2 protein chains.
Amino acid sequence: MRIVFFLYDGFTVLDAIGPFETLSRLPGAEVTFVAKQTGLVANDNQLIDIYAPQSIDEVDSADILVVPGGTADEAVRNDPHQMDWIRKVSQTTQVNASICTGSLIFAAAGLLTGKKATTHWARYDVLESYGAIPVAERWVDHGDIITAAGVSAGIDMGLHLSAKLAGDDYAKALQLAIEYAPEPPFQSGRVSDAAPETVELVAAMMGGEETPPSPRPLPAKMHRVSRGG
Amino acid sequence: MRIVFFLYDGFTVLDAIGPFETLSRLPGAEVTFVAKQTGLVANDNQLIDIYAPQSIDEVDSADILVVPGGTADEAVRNDPHQMDWIRKVSQTTQVNASICTGSLIFAAAGLLTGKKATTHWARYDVLESYGAIPVAERWVDHGDIITAAGVSAGIDMGLHLSAKLAGDDYAKALQLAIEYAPEPPFQSGRVSDAAPETVELVAAMMGGEETPPSPRPLPAKMHRVSRGG
């Protein structure tokens, strides 16, 4: 079972790693990371690089195609070369799975037209603009295509997909192996739980409309070294 | 605020990425990944590589030191070069934070002697062997050292630490940004919730004592391409 994670500069790393941590441990899983070019792929805040050993020109099919979201999904949607690849490979799979704004890439490829789907809560409007029907679910499973909500939702979706592929007992073992018994320190993970000002702040941050407010000062430390320097 | 993630071949990628996704977005965060040598660092199942732009010989301090767990924490504990670095850098920080079996590295460095701490549920005995007091908590915070439970616990710990560093309001915004409102499809994330046979299976898998049972067959697909090939 060949699981292909599509990466692009500006992807959100937890989107990919959440489901990777379970899907990559399924029996028979062959995992690869694919990007427009082989090499290092930087995440959305350019603070981590993941290696893509294969380019999209080297991969023409998959059993499971996983597409993470990020801040640069729009650049992918506007690139015919990558979108042609998404359209081509997505036709060869058992399951296409997106996390966060990865669903906007699937929607732009025409895979979600007229279908219920989800994405990051701040991007329902973009999803709808492609003819999908946004719903506020943790994931939406149509069998051949699954869309998960924002970032961390990929962990839940990955366990759900693991259960479909390898059985509930195996998925439960994976859940225990990653000790996934969440205890968020706050109840602020969904719009309906968060304070209105928190929602506004995050929407503005994601829209690039304003910088976040300064938090209280951090204790100073002496040795600041630039990354790579 | 310089946040240093220590990587080693055989680390568990979600251990690092869970807290990375929030800590790297704190105001003033300067993040780097450090390993014994610069270059690509493979995770525990060798299916993903993260780039470490700096070697431990190039970094002698940090504000926050983050140490993930993995299947190769023992190799680190047995390597004087890496352990000397852990001991040295951990003395320069505001906070040392571990996830999963990363706490065993801190314990081996003498940082947890006589202290309550946590780790992956299947490794409490190793933690205790170093003189720490294992507790089944999602995280244990002593101010200057925080240990989190297995793998996914790093997400919760990362939000907790984000709140300490940048305030509750900012941490709540980060939680909403990553849409962290978990909906695990099963209740199997902690030993007390999981079925006894699930606990035995995972303990055996982690001990390398037996291979997991075969799940039901997966639908075959035609194009199997080896990673990198």
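Helices and strands are DSSP runs, numbered from the N terminus, a strand having at least two residues.

**View 1. The β3–β4 hairpin of chain A in the predicted model.** Six residues lie between strands β3(A) and β4(A) in this hairpin, and among them Gln46(A) is shown with its positive phi near 55°. The two strands, β3 (residues 39-42) and β4 (residues 49-52) of chain A, run antiparallel and are joined by four bridges. Val41(A) has Ile50(A) of β4(A) as its bridge partner.

**View 2. The axis relating chain A and chain B.** Ile50(A) has the C-alpha nearest the axis in chain A, at 2.4 Å from it.

**View 3. The side of chain A that touches chain B.** Contacts link 82 residues of chain A with 81 residues of chain B. At least two residues each are supplied by α1 (13-23), β2 (30-35), β4, α6 (153-166), α7 (168-177) and α8 (196-207) of chain A. Helix α6(A) gives the largest share, eight residues. Sorted by class, this side of chain A comprises 46 nonpolar, 19 polar and 17 charged residues. The copies meet through the same surface, because 99% of the interface residues of chain A are also interface residues in chain B.

**View 4. The domains of chain A.** Domain 1 covers residues 2-177 and domain 2 covers residues 185-213 of chain A. Their C-alpha centres are 24 Å apart.

Methods. Residues are numbered from 1 along each chain as its sequence is written. Chains are lettered from A and ligands numbered from 1 in the order in which they are written. This is a predicted model: local features need pLDDT of at least 70, side-chain atom pairs count only at pLDDT 80 or more; totals for chains, interfaces and linings use all residues. Two strands pair if DSSP finds at least two bridges between them. Copies are superposed by least squares on the C-alpha atoms of residues with pLDDT of at least 70 in both. Two residues are in contact if their C-beta atoms, placed from the backbone, lie within 7 Å. Domain bounds come from an automatic or database domain assignment. Ala, Val, Leu, Ile, Met, Phe, Trp, Tyr, Cys and Pro count as nonpolar, Asp, Glu, Lys and Arg as charged, and the others, Gly among them, as polar.
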